[in-house]
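Open the model in a viewer and keep the selection panel at hand. The stops below go from a pair of helices to a strand and then to a loop.

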Amino acid sequence: MNYIDTHAHIDGQEFDQDRNEVIARAREAGAAAIFVPAIDLPSSCRILALCQQHPSYLYPMAGLHPEEVRADWRDVLSEIKKLIAPTSGTVGDASPLIAIGEVGLDFYWSREFEKEQLAAFEEQVQWSVETRLPLMIHCRKAQNEMVSIIKRYARELPGGVFHCFTGNAIEAEELLQFPQFVLGIGGVLTFKKSHLPEVLPAVVPLDRIVLETDAPYMAPVPLRGQRNEPAYVRHVIARMAQAYGVSEEEVATRTTANAKRVFHITNF
C-alpha cells in the first residue's frame, strides 16, 4: 500500500539527529513520496538542498508562512521569488519546486501583522497564477479573508491544497467550491473529539482529499503527543477507510492519485 505525505516539515531541527532513519521508515511504511513545505527564506533554501539529496522522493516547496510575516515581508518575498522564478529559463525548466507554500493567513494568536499577512498572501497567490505552481495554503481563524482572496483569482489559479482542514461541513463546502483545490487531512482525523470522521464522508468526496502529517506536529492516535513523522500516515489511512467504509488500499490509491493530479507529478 503506497501513499504520499503531502506536507511534512522534515527539514526541521526536530529531525536533525535521525532524518535518514525517518526517511527510511517512511519508505518502509509505504510512503512513495514526501512533499516538504517551507515557512521562510532560510527554510526555502534549506529544503531545496535537502530535496536534492533525495531526488524523486522529497519534493520541495518555497514560500512565506503567515506566522513568519513581519514588517520586512516585501524584502523576504523578493528573495523567495528568486527561488520560485529563476531569471534564467522558464519556471518549469529551471525550478525543481512543486508548489508555493506554506502560505496563507493566521489570525489565531495575533492580528498585529494582519494587513501585511493579507498582502503577502495575495502576492504569493499571484505567483501561483504566474508560474502555474499550486498553492499549499495554511489558514487558521481567517477562512473568510482567505476565501475572499482566492475568489479574486479562482479562474486563473492552477489549484492547490487547503492544508490541515479541521472545519465543519459548511466550511468544507465553502472550500470545495474551488474545484482545482483539495483538502489536506492528517492526524486530527484520528483524535477522539474530532468531528472529521462524520463531516468528511458527508460532504467531501475522496477525490478531493490528500493525506498529510504536518510532521513533526499533530501525530495521530495512538501516537498523539509524540513527534510526528511520515510513516505515521498509515494511522490516518486506517481511520479514513473506516469513516468512508472503504478499504485502506482504496484510500491510499485515490489520495495518491489526487496528489499527483494537483501537484502535476507523474514520475512515480
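Start by selecting α3 and α5: these two helices are roughly parallel to each other, a label given to angles under 35 degrees, with over 145 being roughly antiparallel, 65 to 115 roughly perpendicular and the rest oblique. This is a predicted model, in which local features need pLDDT of at least 70 and side-chain atom pairs count only at pLDDT 80 or more, while totals for chains, interfaces and linings use all residues. Residues are numbered from 1 along each chain as its sequence is written, and side-chain values use heavy atoms, with hydrogens and water left out.

Helix α5 covers residues 114-131, and its axis lies 11 Å from that of α3, at an angle of about 20 degrees. Axes are lines fitted to C-alpha atoms, for helices over the stretch in contact, and angles run from 0 to 180 degrees between N-to-C directions. Helices (H or I, at least four residues) and strands (E, at least two) are DSSP runs, numbered from the N terminus.

On α3, pick Trp73, Leu77, Ile80, Lys81 and Ile84; among their partners in α5 are Ala119, Glu123 and Trp127. The contact residues of α3 with α5 divide into seven nonpolar, two polar and four charged. Here Ala, Val, Leu, Ile, Met, Phe, Trp, Tyr, Cys and Pro count as nonpolar, Asp, Glu, Lys and Arg as charged, and the others, Gly among them, as polar.

Leu41, Ser44, Cys45 and Leu48 of α2 meet Val76, Glu79, Ile80 and Leu83 of α3. Six of the residues in the contact of α2 with α3 are nonpolar, one is polar and one is charged.

Next, show the sheet. Eight strands form an open sheet with parallel pairing, in the order β1-β2-β3-β4-β5-β6-β7-β8. At the edges stand β1 (3-5) and β8 (209-211), each with a single partner strand, so one side of each has no neighbour in the sheet. Neighbouring strands are turned by 30 degrees against each other on average, direction ignored.

Now select β3. Strands pair if DSSP finds at least two bridges between them. Three bridges join β2 (residues 31-36) to β3, and two join β3 to β4 (residues 99-106). Val36 stands opposite Pro60, and Ala62 opposite Ile100. Buried means under 20% relative accessible area, exposed over 50%, partly exposed in between (1.4 Å probe, protein chains only).

Finish at His54, in the loop between α2 (41-53) and β3 (58-62). His54 is buried, with a relative accessible area of 16%. Leaving aside residues up to four places away in sequence, His54 touches Asn20 and Ile23.

Terms used: Contact means heavy atoms within 4.5 Å.
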